[in-house]
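Visitor: I'd like to go through this model with you, starting with the charged side chains and then moving on to the rings and the cores. Could you show it to me?

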Amino acid sequence: DNLGLLAIQKGLINAGIDNLAVFPEEGIDARSWYEDQSLEELATPLISQAAGPQGENTIYGISAGTEDYWRFMVLSTFIREHLPKATIAAGGYHFVRENLVLSNGKRVMDPIEKVLEKSPSGLSFADVAIQGHGDTFVRLLSEFEGDVSAANIKGLYRLDSDGKVAGYGKGKFPTIEGIIMSVKERGTVVQEIEIILPDSCNNGCDFCSIIPWGSPFNEDTIIRELDKAMQGKDLSVLIFNNSNPFMTTATTARYDRILTELNRLGHAYCTQFYLDPGTLFERGEEVIDFLHRHNTHQVFIGRDATNARAAEAIGTKYNRVLRDQQQLDQEKKAIGAFTQKFGQKNLGIPRRIVLSYILDPFVEREEEALSIIAEMEVFRKLTDDKVIVKPQIGMLAPYPGTKMKERFVDLLLDPEDPYTHIISANAWKYEAGR
């Protein structure tokens, strides 16, 4: 169900490479990784797919974000134990090049250096690491002849003969046919279709780790592929995973044309989208009209900050301009107005608003933190039989490659430790709050 892996798989097939094994073959309930089987047990079928008894002429591509980097390490160690001659390629948004230096002059190892670093036994968690999108991995497999020591592909990094990281640039999106989507059956007549279309955002927030990419397919292709996937179903839930789909009137119009045509073709659907609160303030009526016409039953709104101090600390921006207190207050009113109007058109089920906040470690007074909770409670109380408002909050996470990590690297407990660099953990020193 990883859309990035689906893109790579399609890219490989488009390049004429179809000798592939995908793990897992079907989606796995995340709970099974803790309750039923170990990750190693689930990965055992991978070992039997190797071309040679020790993994010769076999590449294992493992995708990881920062939150699941620990899973990457478990899988890598498992493969190394059973197939010492296999090649492991690390990819995903966690793996980026950085040039961070602490105030004491010590340079911080970046995620690519860490994953390629050899242990005293001479092994590393990966033989190559990929920065950017999946075209690099497609090219690697196209050109692979059992050895990656001389590979020279944009976005591919490895250790040279002196033990230093060699490589350059970021990979582009792979050339594919069709679109990237994951279909999940919800009974015999209902399905969920998770879709990722070309993604970009004008905001440039300091905490964002998204790598923009352009359009490898056109509207006609999107409509044709979705039309085919939606055949024979009474209802399709279309989940659009793009970070800022209503960024401009042009991007909004593009989604409108696609969905209007699917409606004309006789398909019943409801939709899910991400929303920027700045867009709600500037073009709220336009967005509401769109969401009502296209049966949107859930939106995710990144409120992020409630005051100018927090906005500056985390670097939340709108159209690349730091959100000041006036902007934040206008956005708060716009979210309130949106909540009241979102449920006015009956959908048959309550609509849902997920409202997300970021708790930064630089809060100067307890009252400021409590004010975030108070605002969350104000919006939560707007829940009724037509709209469910679900506020949520997470710690500021110093994701690799972000401007925010670069700004505050000296305040991290361990700048090289990915296990704390996630929203469910605390990466910050006590001094950050002073």
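**Salt bridges, rings and cores**

Guide: Searching the whole structure gives 24 salt bridges, a salt bridge being a side-chain nitrogen of Lys or Arg within 4 Å of a carboxyl oxygen of Asp or Glu. This is a predicted model, in which local features need pLDDT of at least 70 and side-chain atom pairs count only at pLDDT 80 or more, while totals for chains, interfaces and linings use all residues. Residues are numbered from 1 along each chain as its sequence is written, and side-chain values use heavy atoms, with hydrogens and water left out.

Visitor: Which residue does lysine 341 meet in a salt bridge?

Guide: Its partner is glutamate 285, with an N to O distance of 2.3 Å between the side chains. Lysine 341 belongs to helix 10 (residues 325–342) and glutamate 285 to helix 8, so the pair ties together parts that lie 56 residues apart in sequence. Helices (H or I, at least four residues) and strands (E, at least two) are DSSP runs, numbered from the N terminus.

Visitor: Is glutamate 285 buried or exposed?

Guide: Glutamate 285 counts as exposed, at 52% relative accessibility, whereas lysine 341 is partly exposed, with a relative accessible area of 28%. Buried here means under 20% relative accessible area, exposed over 50%, and partly exposed in between (1.4 Å probe, protein chains only).

Visitor: And what does glutamate 113 pair with?

Guide: Glutamate 113 and arginine 107 meet through their side chains in a salt bridge of 2.9 Å, N to O. Glutamate 113 is buried, at a relative accessible area of 16%, while arginine 107 is partly exposed at 34% relative accessibility.

Visitor: What about glutamate 194, which lysine does it bridge to?

Guide: Glutamate 194 forms a salt bridge with lysine 184, and the closest N and O atoms are 4.0 Å apart. The pair links distant parts of the chain, with glutamate 194 in strand 9 (residues 190–196) and lysine 184 in strand 8 (residues 180–185), 10 residues apart. Lysine 184 counts as partly exposed, at 24% relative accessibility.

Visitor: Switching to rings, how many aromatic pairs does the search find?

Guide: The search of the whole structure finds 15 aromatic pairs. One of them joins tyrosine 255 and phenylalanine 273 in an edge-to-face arrangement, 5.7 Å centre to centre with 85 degrees between the planes. Rings of Phe, Tyr and Trp (its six-membered ring) pair if their centres lie within 6.5 Å, and planes under 30 degrees apart count as stacked, over 60 as edge-to-face and the rest as tilted.

Visitor: Where do tyrosine 255 and phenylalanine 273 lie?

Guide: Tyrosine 255 is in helix 7 (residues 249–264) and phenylalanine 273 in strand 11 (residues 269–275), so this pair ties together parts that are 18 residues apart in sequence. Both tyrosine 255 and phenylalanine 273 are buried. Tyrosine 274 and phenylalanine 300 form a tilted pair, 5.2 Å centre to centre and 55 degrees between the planes. Here tyrosine 274 lies in strand 11 and phenylalanine 300 in strand 12 (residues 296–304), so parts 26 residues apart in sequence are tied together.

Visitor: Which rings are linked into a cluster?

Guide: Ring pairs link Phe240, Phe246, Tyr255, Phe273 and Phe290 into a cluster.

Visitor: Now the largest nonpolar core, which of its residues touch the most other members?

Guide: Of its 38 residues, those are Leu226, Leu238, Leu262, Leu275, Leu291, Ile301 and Phe338. A nonpolar core is a set of buried Ala, Val, Leu, Ile, Met, Phe, Trp, Tyr and Cys residues joined through side-chain atoms within 4.5 Å. Helix 8 (residues 277–293) gives the most to this core, with 5 residues. Apart from this core lies another, of 25 residues, among them Phe72, Ile88, Ala90 and Leu116.

Visitor: One last topic, in which sense do strand 1 and strand 2 pair?

Guide: Strand 1 (residues 59–63) and strand 2 (residues 87–91) pair in the parallel sense over 5 bridges, where pairing requires that DSSP finds at least two bridges between the strands. Isoleucine 62 stands opposite alanine 90 in strand 2.
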